[in-house]
Amino acid sequence: MPSTEIAVQQQQSHHMTLLCPDCHGSSIVQDFSTGDLLCADCNTPVGDRLVDSRSEWRRRRAQKTDDSNSDSSATGSPLARAANGVGLLRAKKSRNAKARAVEQRHEETLERGLEQISAMCLAMDVPRSIESASCEYYRRVESGGLHRGKNQDAITATCVFLACRQQAVPRTFKELCALTRVPRKDIGRMFKYLKDKLGAADTAAMSSDDLMTRYCANLSLLETAQECAILLGRMARERDTLAGKSPVSVAGACIYMASHLVAQPRDARVISHVAGVSEVTIKNSYKLLYADRALLLSSQILAVDPAASIANLPIP
């Protein structure tokens, strides 16, 4: 006879009576611990694999307290608990999916920006160190969330511009605008924004001397013309002859004057194409230089090239 939690239940009805096959007794009990039907007289199994139809609850041991009749039952809805578990699992999976999507977008944006910087540096023919510095600036922009709501092309152009400034490889806003088709004002605003955010406020300002070497090389001028242009630019800066003019305008006007001075003339239209400044701007700046030519063209400048002569200068 089973000893633990056996509910004695007579299996009788109006239609049939369950009997033991051995002793033919009618006292049949259910053993819920094993799921069997047993004969109460001879303990012979009569049936098996019974389903417990009672309420699913557990009875704790009665604590030795004054209220010994208290029934500490732990009941609940297994289906509800399962449903809550499934909901939590789905919510967790949803959060993980969103996190993966955000991370994937971040990686795609970073990869696209680095590719743009590489293409831009290749087109500008700058050293590899400039490309590395530009990519590092862009990674800091991405990791710091500074790119949110900003023009992607303006960010990449500004990172290249900052790297060029920091390593004394000057490039102008116009050159970047030509490569990215981003308005100059947008690059200027982005430069002011990222310069402080990235801690690059100590970048050196671009001067006309930094541009003349590259412009003269692109114009196929000799070293004497390049040296005369640089000396002329320094004299004009000391005398404030071209005060208020941009470094690009100063470089274009000084190259125009120096090339004619040493008998290696270059047309203003060609210089404007190389420097990225209008022909009118170069000629207007040259007028100021020509008016002050007696003091600007010192003996040091004229001694650079034997062919140098004030008479070679065109009258504006």
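1. The structure is a predicted model, in which local features need pLDDT of at least 70 and side-chain atom pairs count only at pLDDT 80 or more, while totals for chains, interfaces and linings use all residues. Residues are numbered from 1 along each chain as its sequence is written, and side-chain values use heavy atoms, with hydrogens and water left out.

2. The protein chain holds 12 helices and five strands, where helices (H or I, at least four residues) and strands (E, at least two) are DSSP runs numbered from the N terminus. Of its 316 residues, 37% are buried, a term for under 20% relative accessible area, with exposed meaning over 50% and partly exposed in between (1.4 Å probe, protein chains only). Among contacts (heavy atoms within 4.5 Å) with a separation of 6 or more, 60% join residues 24 or more positions apart.

3. Three strands make an open sheet in the order 1-2-3 with antiparallel pairing, two strands being paired if DSSP finds at least two bridges between them. Strand 1 (28–31) and strand 3 (45–47) are the edges, each with a single partner strand, so one side of each has no neighbour in the sheet. Neighbouring strands are turned by 40° against each other on average, direction ignored; the axes behind such angles are lines fitted to C-alpha atoms, for helices over the stretch in contact, and angles run from 0 to 180 degrees between N-to-C directions.

4. Strand 1 pairs with strand 2 (residues 36–39) in the antiparallel sense over four bridges; in this pairing Ile 28 has Cys 39 as its bridge partner, and Gln 30 stands opposite Leu 37. Strand 2 and strand 3 also run antiparallel and are joined by two bridges, with Leu 37 opposite Gly 47. These two strands form a hairpin with five residues between them, and Asn 43 in the turn has a positive phi of about 60°.

5. Val 29 belongs to strand 1 and counts as buried because its relative accessibility is 4%. From Val 29 to Val 46 the C-alpha to C-alpha distance is 9.4 Å, across 17 residues in sequence.

6. Helix 3 (residues 152–166) and helix 5 (residues 184–197) pack at an angle of about 65°, their axes 9 Å apart. The contact brings residues of helix 3 including Ile 155, Phe 161 and Leu 162 against residues of helix 5 including Ile 187, Met 190 and Phe 191. By class this contact has nine nonpolar, one polar and three charged residues, with Ala, Val, Leu, Ile, Met, Phe, Trp, Tyr, Cys and Pro taken as nonpolar, Asp, Glu, Lys and Arg as charged, and the others, Gly among them, as polar.

7. Helix 7 (residues 223–239) has 17 residues and spans 24 Å from its first C-alpha to its last, close to the 24 Å expected at 1.5 Å a residue, the expected span being 1.5 Å times one less than the number of residues. Its buried residues include Cys 228, Ile 230, Leu 231 and Leu 232, and what covers the buried residues of helix 7 includes helix 6 (208–218), helix 8 (247–261) and helix 10 (279–291). Just after helix 7, Asp 240 takes a positive phi of about 55°.

8. Ser 249 lies in helix 8 and counts as buried because its relative accessibility is 6%. Leaving aside residues up to four places away in sequence, Ser 249 touches Val 277, Thr 281 and Ser 285.
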